[in-house]
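Thanks for coming. I will go through one model and stay with the geometry.

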Amino acid sequence: MTRRGFTLPELLVALGLLGVLGAAVVGLLRGTQDAYRAQSQQFDVRQNLRIAAAFLPGELRELDAIDGDLVAMGAAALTIRAQRQLAVLCRPPRAGSGPSSLMLTLRDSPFAGWRDFNPAADSVFVFSDGDTATPDDDGWATGSIGSFVPDTCPDGRLGRRFTASLRPAPGRSLGSWGITAGAPVLGFETLGYRLYRSSEDGRWYVGLQTATDMQPVLGPVTSDGLAFAYLDSTGLVTTQSSRVAMIEIRVRAQTLAAIRDGRGRLVQPVDSVVMLVSLRNNRRF
Amino acid sequence: MVRNRRGVALGLVLWALVIGSAVLTVAVFIGMQERRAAGTGRRMQRAMTYAETGLADALAGWTPGLLGRRLLHPFDSIATGGTGAGSAEPSWRGTIRRLNRGLFLVSVQAGDPPGSTVATVATLSRLGWVVRVRPVPLRIVAALEAGGVALGDGARISGRDQLVLGWLDCPPPDSAVAGVAAGVIDTTGGSEVDGLPATILTAMDTLFPAARVGLFDQLASQSTVELPPGSWSVGPTSSGSDCNVSDPRNWGDPSDPSAPCGDYWPIVHISGNVHVLGGVGHGILLIDGDLVIEGSFRFLGIILVRGEVQAASAGVSVSLEGALIAARAGVAGRPLSGIAITYSKCMVSNSLQSSGALVPLRSRGWKQLF
């Protein structure tokens, strides 16, 4: 009689082999999962850096350091007058209720901005030409704005009227504004970019500090994950805001969670980007 | 004999293939994501470079006079565009828009791939530049500046800055200049000269002021209207609300800034002697010979005459508000009569807005448009 089946040693050997194979498969799966997680995390880090590379230079390029757009300069924090809107007056200004008050009418087109004017947060620069025969006396009156009401421009196009409380451009006085129809009006918001630690997760982020709140714009970064260096036109570091011609930004981002490296150790990889931004609006002549 | 083979080899191989495929898929997927994201960043940089190139190139070939002729009124605009170096495709497109007499807004959009205009298929960058006219520098020393001046009855020359009726967009009046500055000044009892001082006697002879020759040549090189020598009646011509700037005898409309040709301030260059039979105009008038005014004539701006100015006809009204520079304004025995020349800084400035160069504002001219 033939008995079919396995002997106990055969079964033990088979089980052992299956165990080894199973462990190998599990290890392979875990390795795959770790590799996927690591790649995702590193992708996120690089994506953060790309956002930094696209976003921060865009904020800084439009600044005019000579005219005071660098409000406060720090190694890991920078407060600026960030440009937000471009509009154009369609009428000469009219006197407002006080000596520094002017009623201005903006044409609905051309207008460019990443959002509309917000009287609660925005201020304006208004171009002051003065003597049209020379650009040497050109400047910008600046000040706060009130709420907008609908208006009509002389050419029949829709516009908006608002009252601005302005400080005259350098070299001008109240009542001698040098502002004409067609003058560009630039809206700006004073805000800061700084390194900060979130009270919620304890991680470091690059934060945007506005008048009302602080919000993370990218991260997590390392505890030294944001650094500014201020350079003059010759490339030397300067501490005088009016001499700044270029700003170097360093961002060091790290993964949100720890990942395993090739040796199986848990690490938080760091990647970094360095950007050098020339300030396009510094006075030219 | 066929042996019955039982085992797990096939299953194991299939399992390994599945795992391997999964690993490969994940790697490829993440790699593609990485490549796309990096590509987007690179395209953003390229698009911005194209846009900055466009900003620099958009005004090539334009002078204030030529641009003012195309864009007569505030907020008029023209389309423009160009290709980058080594590219056949238009790498940027844009518009130039007039804001007022001396300000223009250049806006440029560029995409990568070059020529793209739709955000869904390309990375786009929009930049703007506010530019202004930097006029040819001109310091007026007198309402009438000449080598030799002879004034007769009815000639009234004033160096006191005057606002011109109807022209509201002017700065407050400036301090006065001299009435007449010349090497030889001959006035008769019927003429009036006023200014601060009334007259300046220069060391010039009866030639076109040497210091103004360069100015004349510079302005002539930027002329927007070229006329041959001859006799001309001038005045604004328009069809409906469109000023006819192709008519060389249309020198603008000084009577009303809001008229169709009220914003048209040409630089007129006449290459020889000219007889003006009458009319009106404003801008800059450059004459390579003599100017003989035979009919009623009103002009706002600057007149430069390399030869002699004559206005001898009786019973006609000749008025110039701005400044006149000539070799001779009348001569002994044939004085300049019946003419009123009044210095107006506003009209001089307005006319010079057609000259010079277009330059970015000295601060805050560069703008990222969204």
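Which residue in strand 18 of chain B is the bridge partner of Ala146(B)? The partner is Ala326(B). This is a predicted model, where local features need pLDDT of at least 70, side-chain atom pairs count only at pLDDT 80 or more, and totals for chains, interfaces and linings use all residues. Residues are numbered from 1 along each chain as written, chains are lettered from A and ligands numbered from 1 in written order, and side-chain values use heavy atoms, without hydrogens or water.

Strands here are DSSP runs of E, at least two residues, and helices runs of H or I, at least four, numbered from the N terminus. Strands pair if DSSP finds at least two bridges between them. Strand 5 (residues 142-151) of chain B runs parallel to strand 18 (residues 318-329) of chain B, with 5 bridges. With strand 7 (residues 178-187) of chain B, strand 5 of chain B pairs in the parallel sense over 8 bridges; there, Leu151(B) has Thr187(B) as its bridge partner. Of the 10 residues of strand 5 of chain B, 10 are buried, so the strand is largely enclosed by the rest of the structure. Buried means under 20% relative accessible area, exposed over 50%, partly exposed in between, with a 1.4 Å probe and protein chains only.

Now to a charge over a ring, which requires NZ of Lys or CZ of Arg within 6 Å of the ring centre and within 35 degrees of the ring normal. Arg364(B) lies over the face of Phe125(A), 3.7 Å from the ring centre. In chain A, the charged end of Arg160(A) sits over the ring of Phe111(A), 5.9 Å from its centre.
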